[in-house]
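Visitor: I am new here. Please show me the structure, then walk me through it.

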Amino acid sequence: TPFLWNGTLHVAEHHTSFRIRRQALPGCVGAACDNSMVIEDVPNTASTSFVSALVVDKTLWLFGTTPGWEATQVDAFWSKTPEVRSSWQNATVMTRASANLTFTAFNTSPHKGMLGGKPVYVLAVEFGAPEPLVGVPYTVQTQFPHALTFLAARRPPPAGPQLAPPALTSA
């Protein structure tokens with residue numbers, strides 16, 4: 001997932017765990033050609049897959065699903081100084097138990113925007129099952145209202161820097 005951090009393009013990616021590196025653009029010259037690693041191993045992400053990223057008020061947020069394929073929970077990781085391993089915090093955003101539903105989760109996509117005329121931070125979650133919830137498996141657009149409902153109604157935002165959950169009902 002590409003993101004801007006302090007005016008520089010970076011990439012959050014999954015290797016054996018989440019990692020963050022600077023990303024040079026094609027044809028770059030000088031300092032802009034930096035492809036160096038920021039942090040090779042974001043703590044507590046070894047069993048987490050499908051990284052997505054969002055920067056909010058100088059805090060880098062990463063989201064992913066655990067454990068790996070056929071994931072049963074969504075997790076958040078955040079830091080104001082991502083290059084410092086000890087600065088990372090994490091929390092579970094949603095589990096099967098908190099959603100009161102059996103599901104498998106895959107990709108996540110955080111976004112800042114306007115919803116119902118109010119500024120919000122939302123997190124779309126791609127669900128693969130169950131079919132009554134998702135309709136056609138692995139299509140994020142059919143799950144988007146359900147993911148927002150889960151985040152708003154079933155789990156408070158993680159401690160620390162706050163992402164305001166939207167107050168929505170499922171469509």
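**Strands, sheet and surface**

Visitor: How many bridges join strand 2 to strand 3?
Guide: Strand 2 covers residues 8-14 and strand 3 covers residues 18-22. Strands are DSSP runs of E, at least two residues long, and helices are runs of H or I, at least four, both numbered from the N terminus. The two strands run antiparallel, and the bridges between them number five.

The model is predicted: local features need pLDDT of at least 70, side-chain atom pairs need 80 or more, and totals for chains, interfaces and linings use all residues. Residues are numbered from 1 along each chain as its sequence is written, and side-chain values use heavy atoms, without hydrogens and water.

Visitor: Which residue is the bridge partner of His14 in strand 3?
Guide: Look across from His14 into strand 3. The bridge partner there is Phe18.

Visitor: What is the order of the strands in the open sheet of four?
Guide: Pairing in this sheet is antiparallel; two strands pair if DSSP finds at least two bridges between them. Strand 1 (2-5) and strand 4 (37-39) are the edges, each pairing on one side only. The order is 1-2-3-4.

Visitor: Is Arg96 buried, partly exposed or exposed?
Guide: Arg96 sits in helix 1, residues 96-99. Buried means under 20% relative accessible area, exposed over 50%, and partly exposed in between (1.4 Å probe, protein chains only). Arg96 has 32%, so Arg96 is partly exposed.

Visitor: What share of the protein's residues counts as buried?
Guide: The protein has 171 residues. The buried share is 44%.
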